[in-house]
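Take a look at the chain below. We will walk through it one step at a time.

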Amino acid sequence: MSSIVKVSGKNQIVVPKEARESLHIKSGTKLLVMVKEGRVILVPEPDDYVKALKGLGKEVWEESAEYLKKERENW
């Protein structure tokens, strides 16, 4: 999905309908605004940050488990 929006005189934009529906954004929804590598990312603010972050970086621990196992065997 790709849309072009215009920044208003008050520095506001309208989030396109397709994006609002896809992200379940309604009037009053708070959005997190992140800038990564010259791009703006909008995501709905989670109701529960703990649930939203649960499992984040899990692949790092899965990869390190094998390394730790080998290191412990060498003790």
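**A walk through the model**

There is one salt bridge in this structure, which is a predicted model. It joins the side chains of E21 and K17, at 3.9 Å from N to O. That distance counts because a salt bridge needs the nitrogen within 4 Å of a carboxyl oxygen. Side chains of opposite charge can pair when their charged atoms come close. Where do E21 and K17 lie? Both are in helix α1, which covers residues 17–23. They are four residues apart, about one turn of the helix. E21 is partly exposed, with a relative accessibility of 49%. Exposed would mean over 50%, so E21 stays in the partly exposed class.

Now turn to the surface. A nonpolar patch is formed there by V5, V7, I13, V33, V35, V40 and L42. Together these residues have about 610 Å² of accessible area. Which elements give two or more residues to the nonpolar patch? They are β1 (31–36) and β2 (39–44).

Follow L42 next. This residue sits in strand β2. Its relative accessible area is 31%, so L42 is partly exposed.

The pocket is lined by 14 residues, and V5, I13, V15, P16 and L42 are the closest to its centre. V5, I13 and L42 belong to the nonpolar patch too. Helix α1 and strand β2 each supply at least two residues of the pocket lining. What classes of residue make up this lining? Twelve are nonpolar, two are polar and none is charged.

Stay in strand β2 for P44. P44 is partly exposed, at 27% relative accessibility. In sequence, P44 and V33 are eleven residues apart. In space, their C-alpha atoms are 8.9 Å apart.

Last comes the backbone. Most residues other than glycine have a negative phi. N11 has a positive phi of about 60°, and it is not a glycine. N11 lies in the segment before α1. Is N11 buried or exposed? It is exposed, with a relative accessible area of 66%.

H24 also has a positive phi, near 55°, and is a residue other than glycine. Look for H24 in the loop between α1 and β1. At 64% relative accessibility, H24 is exposed, because the cut-off for that class is over 50%.

Definitions and conventions: Residues are numbered from 1 along each chain as its sequence is written. This is a predicted model: local features need pLDDT of at least 70, side-chain atom pairs count only at pLDDT 80 or more; totals for chains, interfaces and linings use all residues. Side-chain values use heavy atoms; hydrogens and water are left out. Patches are made of residues with over 30% relative accessible area and no salt bridge: like charges are joined within 9 Å, nonpolar side chains (Val, Leu, Ile, Met, Phe, Trp, Tyr) within 5 Å. Accessible areas come from the Shrake-Rupley method with a 1.4 Å probe; for residues, only the protein chains shown count as cover. Buried means under 20% relative accessible area, exposed over 50%, partly exposed in between (1.4 Å probe, protein chains only). On a 1 Å grid over the protein atoms alone, a cavity is a set of points where a 1.4 Å probe fits but cannot get out, and a pocket is an open set with protein on both sides within 12 Å along at least five of seven lines; lining residues have an atom within 4 Å of a point. Ala, Val, Leu, Ile, Met, Phe, Trp, Tyr, Cys and Pro count as nonpolar, Asp, Glu, Lys and Arg as charged, and the others, Gly among them, as polar.
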